[in-house]
Amino acid sequence: MKKRFLPYYIVDVFAENRYSGNQLAVFIKPTGLSDAEMQQIAHEINYAETTFVLSDKQEDGGYQVRIFTPVEEVPFAGHPTLGTAYVIREIMEQSNSQTIDLNLKVGQIPVNIDEPNLWMRQINPSFGNHLTIETMADVLGLNSTDFDEQFPIEAVSTGLPFYMVPLKNLAAVKKAKVDRPKWLKVLAQYPQSAKMMLVFSPETYRPENDLNCRMFGEELGVIEDAATGSANGCFLAWLLKNNYFGKTDLTLSIEQGYEMNRPSLLLHKGKKVDAHTFDINIGGQVQLVAEGKWY
């Protein structure tokens, strides 16, 4: 008997070369799959995210896409957005399209192609509560002197919320380790706020890059992420709002994933239009790694 299968592709996102950046599995036209089955597949693959392109035609002006972590569906995520747009353009359309629109639960996200990079324009950010240095020092096993006290530890969302945690140097970033029981106690105090965090410093592994960061998100099934486009959109908004570089218009190169041996490069391009309006664009390269059949 001939077995039914779903075609899928594996790509590395925010990757200058294969086997770096953040891995993504993309399923095309998963006809007949229930929500529970999509979640089971994402759990089986166990990448930070897995996406499902629901049809080979655009509906409501874009491709319908759903994104799952190993433990739950999310309304938006960055590297799945870029990686899925790449697969649609290169595999499904086999085209030279300059824009691929994805209809996600957070809304429609356009991905623009300026080869070799793909760029996504994220929705306008919202800013949330602050946490104290003492709280985060306890959670991360750091000293209060490791934090850059000039800037706030602040929740930011461009569809998926994260806390931004400014540290002084690379040594502090490398030393950071989440004490989950302590973090869960903090999260219980702010149940409607972010569950994940991005820690960063102005000191980098590669001198041509502007900032180094790490993202911790165990509450969504990702202990640490190699490259996080959604968090970097929040990061860019935070940098602009808090005048980190003393500019309202930024073009930056951000490194992530070095501690995981998955070096990643995320490009920032954005500006602060006014106190409540930001133009947030995150870009990078995508590398095709594999294709397969899922029975």
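Author: Let's start with a rule: a disulfide is a pair of cysteine sulfur atoms within 2.5 Å. Keep in mind that this is a predicted model.

Reader: Thanks! By this rule, how many disulfides does the count come to?

Author: In general, a disulfide is a covalent bond between the sulfur atoms of two cysteines. Here the count comes to zero. The closest cysteine sulfur to that of Cys234 is in Cys213, 12 Å away, so the pair is too far apart for a bond.

Reader: And are Cys213 and Cys234 buried or exposed?

Author: Buried means under 20% relative accessible area. Cys213 is buried, with a relative accessible area of 0%, and Cys234 counts as buried at 0% too.

Reader: Which residues of helix 6 are buried along with Cys234?

Author: Among them are Gly233, Phe235, Trp238 and Leu240. Twelve of the 13 residues in helix 6 are buried, so the rest of the structure largely encloses this helix. Helix 6 covers residues 229–241 and reaches 18 Å from its first C-alpha to its last, close to the 18 Å expected. After helix 6 comes Asn243, with a positive phi near 55°.

Reader: Back to Cys213: which residue of strand 15 is in contact with Cys213?

Author: That is Glu255, found in strand 15 (residues 249–256). Leaving aside neighbours within four places in sequence, its contacts include Cys213, Arg206, Tyr205 and Ser264.

Reader: What is the nearest side chain of opposite charge to Glu255, and how far away is it?

Author: A salt bridge needs a side-chain nitrogen of Lys or Arg within 4 Å of a carboxyl oxygen of Asp or Glu. For Glu255 the nearest side chain of opposite charge is Arg206, 5.6 Å away, and Glu255 is buried yet has no salt bridge.

How values were computed:
Residues are numbered from 1 along each chain as its sequence is written. This is a predicted model: local features need pLDDT of at least 70, side-chain atom pairs count only at pLDDT 80 or more; totals for chains, interfaces and linings use all residues. Side-chain values use heavy atoms; hydrogens and water are left out. Helices (H or I, at least four residues) and strands (E, at least two) are DSSP runs, numbered from the N terminus. The expected span of a helix is 1.5 Å times one less than its number of residues. Buried means under 20% relative accessible area, exposed over 50%, partly exposed in between (1.4 Å probe, protein chains only). Lys and Arg count as positive and Asp and Glu as negative; His and the chain ends are not counted. Contact means heavy atoms within 4.5 Å.
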